[in-house]
Amino acid sequence: MAGSTLEIKDLHVEIEGEEILKGVNLTINGGEFHAVMGPNGTGKSTLASAIMGHPKYEITKGEVKLDGEDVLEMEVDERAQAGLFLAMQYPSEISGVTNSDFLRSSINARREEGDEIPLMKFIKEMDATMDDLEIDKNMAQRYLNEGFSGGEKKRNEILQLMMLKPAIAVLDEIDSGLDIDALKVVANGINKMRSDEFGCLIITHYQRLLDYITPDHVHVMMQGRVVKSGGPELAQRLEAEGYDWIKDELGIDDETVGQKA
Amino acid sequence: MAVETQLPYDKQYVTEYSEKRNEPSWFKDIRLQALEQSEDLPMPKLEKTRVRNWNFTNFKHDVAGEQIQSIDELPEKIRVLLGEDVENLIIVRNNDVAYAKLSEDLSNQGVIFEDLFTAMNEHSDLVKKYFMQQGVSVDENKLTARHAALLNSGIFLYLPKNVVVQEPIQVVFWQEDPEAALYNHVLLVADQHSEVTYVENYVSDNDEEETVANIVSEIFALDGAKVSYGAVDNFAKGTTTYVNRRGTVERDATLEWALGQMNDGNTISENITNLMGDNSLSHAKAVSVGRGNQKQDFTANIRHYGKASEGYILQHGVMKDSAASIFNGIGKVEHGATKANAEQESRVLMLSDGARGDANPILLIDEDDVTAGHAASVGRVDPIQLFYLMSRGISQKEAERLVIHGFLDPVVREIPIETVQKQLREVIEGKVY
């Protein structure tokens, strides 16, 4: 069997006692690119964070399984080691830890002791990937995300994605804050990952990113649920007509959920 | 247990000790006067730390240290502290200089780097001018007076005008005898436009035995001089430490402090920098780790007298177990110090529920035309940072280690000698985990 499968079933998530996700169902297989779209405040980022185990989110109902293993029972690091990856919308800044040391520790954390990546191999691979993403070489020795511009942080997330080669990646608004050139570079990087071994859930607010990365499946979230799914043509219709037609079709007045409403 | 508050050393003892050290009579007089003053002077005034039950009187005062011919004779734990190919090095073993080396080049340029007891005879004019006159006063408190009375170790470092020393100068104070007290004085005078990097290490092993360290450092950066001062204090649990480091910075001069405060015993650490001259500059950076049930009181204080003087305080502390620490950051701008800039940042990271940490930022400003700022925080390891690191597969323990390392790094990376920096990282590693 090629690749892994991430199954999300009837997922309900609360933050500070308030329900944000109200039963999300999604299945992502290796080889597939899924896009989750929707206006602001509909629960898209909550879905991304909850899959990875963000400490602020509480799962109240439902399940998340990776190749049949219960992801919700795993610690955050175990989820990563099982093959999940989250490119964050707001990556943390960690002073005193260089980007390159961090990346090497991350790679080695997923390998057996005694089977660490040889330093030269690591450096070569990192250099090549940084070239692909048009990242300045001195970023390797800068502290992790410290003082990085918004665009540099996003590229750095994709650098980590490409180096860590997860089975399933969730990209949370990886396009926000990128100019069109940077967007193309980042999209190229993600497209390079395409294989039967890799599944991807792309969360985006804009259609723009999907001009460069063609999704196999498109889902629209509103009110903490997936309200519509389709193929790439759905994204195109959303670009042309916006979200109102879906709201009309489903009789939704206010598409948002939680405090942002 | 009753705690003695009076010293078991009298006038006769101090007189004999001074004679044994072949000190000039003016120095003996300082000691005797200090001994007398020490009886009535109060303990250092601390806002929140109670020192009533700390040991200040139980110790061995006069402990010889065996000479060595080569650093190869040192045990591994001391050898790892030495910079690679350090040309200029003194090793103090208990209360004696066991090893001293100064490069011919520096010696030819007039650099003096020697035992304070030698210096007070051979360079009495300099020592007399600077020893506890303009920096720390004998009568500041009971402990400064005891320091002068019982001084049993000291280093004198003098840089003549315009002498620029590239390679660092290092002193290792090794308290080999677990009960040996260290009443140590460091006197560093950087004459006009000279430049020097000085690094000191304090080490002891007395987890069980009690003793005392009473240290005063006086640093003088004269007009245009640049002094970089690094220290790693690593006294074991049995040592009660009073360390008072004082800088005097004249016109256009710079004094950079990088202090690794890693003692395992109760500690009072006071670091005061007087920015006397116009355009003088100081960064006072310090890190500390508290563990067990040790109590520590840290003060970083920069006083601005000179116009356009700049002072930056940065203190980062990590507290675990039941350790308690107070971090006082004081920026004082005197009237007339126009265009001065006084900035400070004190941050405490708490690793356990039983630990205590207080950050007290204080700005005292008697001048209108200045800039000043402060930041202080006491908190836990940020769960969002941990989430980020762990989401890449790094374990929680390792993620915490990285965050703590990063928290202390802004000071650690300023320690001038690479091997000392590396060793400080290892000490931190050993203390935090």
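The model on display is predicted.

**First stop: the contact between chain B and chain A**

Select chain A and chain B together. The contact draws 32 residues from chain A and 18 residues from chain B. The size of an interface is often given as the accessible area lost when the parts come together. Here the area buried between chain B and chain A is about 2000 Å², and carbon and sulfur atoms give 66% of it. Next, select Phe387(B), Tyr388(B) and Arg392(B): in chain B, these residues lose the most area to chain A. Together they account for 40% of what that side buries.

**Second stop: charged and polar pairs across the contact**

Side chains of opposite charge can pair when their charged atoms come close. The count of salt bridges between chain B and chain A is one. Between the two chains there are also 12 residue pairs in polar contact, both residues being at pLDDT 80 or more.

Now colour helix H8 (383-390) and helix H9 (396-412) of chain B. These are the elements that give two or more residues to the side of chain B that touches chain A. H8(B) gives the most, with seven residues. By class, the residues on that side of chain B comprise eight nonpolar, seven polar and three charged.

Rolling a probe the size of a water molecule over the atoms shows where empty space is left. A search of the whole structure finds six cavities of 30 Å³ or more. The largest cavity holds about 50 Å³ of space. To find it, select its lining residues, among them Leu259(B), Ser269(B), Phe298(B) and Gln315(B). Then colour strand E11 (254-261), strand E12 (267-275) and strand E14 (295-304) of chain B, the elements that give two or more residues to this lining. Which strand gives the most to the lining of the largest cavity? The answer is E14(B), with three residues. The lining has four nonpolar, five polar and no charged residues.

**Last stop: a salt bridge within chain A**

Over all chains, the structure holds 45 salt bridges. Select Glu125(A) and Lys165(A), which form a salt bridge whose closest N and O atoms are 2.6 Å apart. Glu125(A) lies in helix H4 (residues 119-132) of chain A, and Lys165(A) lies in the loop between helix H5 (150-164) and strand E7 (168-172) of chain A, so the pair ties together parts that are 40 residues apart in sequence.

Key:
Residues are numbered from 1 along each chain as its sequence is written. Chains are lettered from A and ligands numbered from 1 in the order in which they are written. This is a predicted model: local features need pLDDT of at least 70, side-chain atom pairs count only at pLDDT 80 or more; totals for chains, interfaces and linings use all residues. Side-chain values use heavy atoms; hydrogens and water are left out. Contact means heavy atoms within 4.5 Å. Buried area is the accessible area (1.4 Å probe) that two parts lose on being put together, summed over both. A salt bridge is a side-chain nitrogen of Lys or Arg within 4 Å of a carboxyl oxygen of Asp or Glu. A polar contact is a pair of N or O atoms within 3.5 Å; within protein, one must be able to donate a hydrogen and the other to accept it, and residues adjacent in sequence count only if both atoms are side-chain atoms. Helices (H or I, at least four residues) and strands (E, at least two) are DSSP runs, numbered from the N terminus. Ala, Val, Leu, Ile, Met, Phe, Trp, Tyr, Cys and Pro count as nonpolar, Asp, Glu, Lys and Arg as charged, and the others, Gly among them, as polar. On a 1 Å grid over the protein atoms alone, a cavity is a set of points where a 1.4 Å probe fits but cannot get out, and a pocket is an open set with protein on both sides within 12 Å along at least five of seven lines; lining residues have an atom within 4 Å of a point. Grid points are joined across faces, edges and corners, and a volume is the space filled by probe spheres set on the points.
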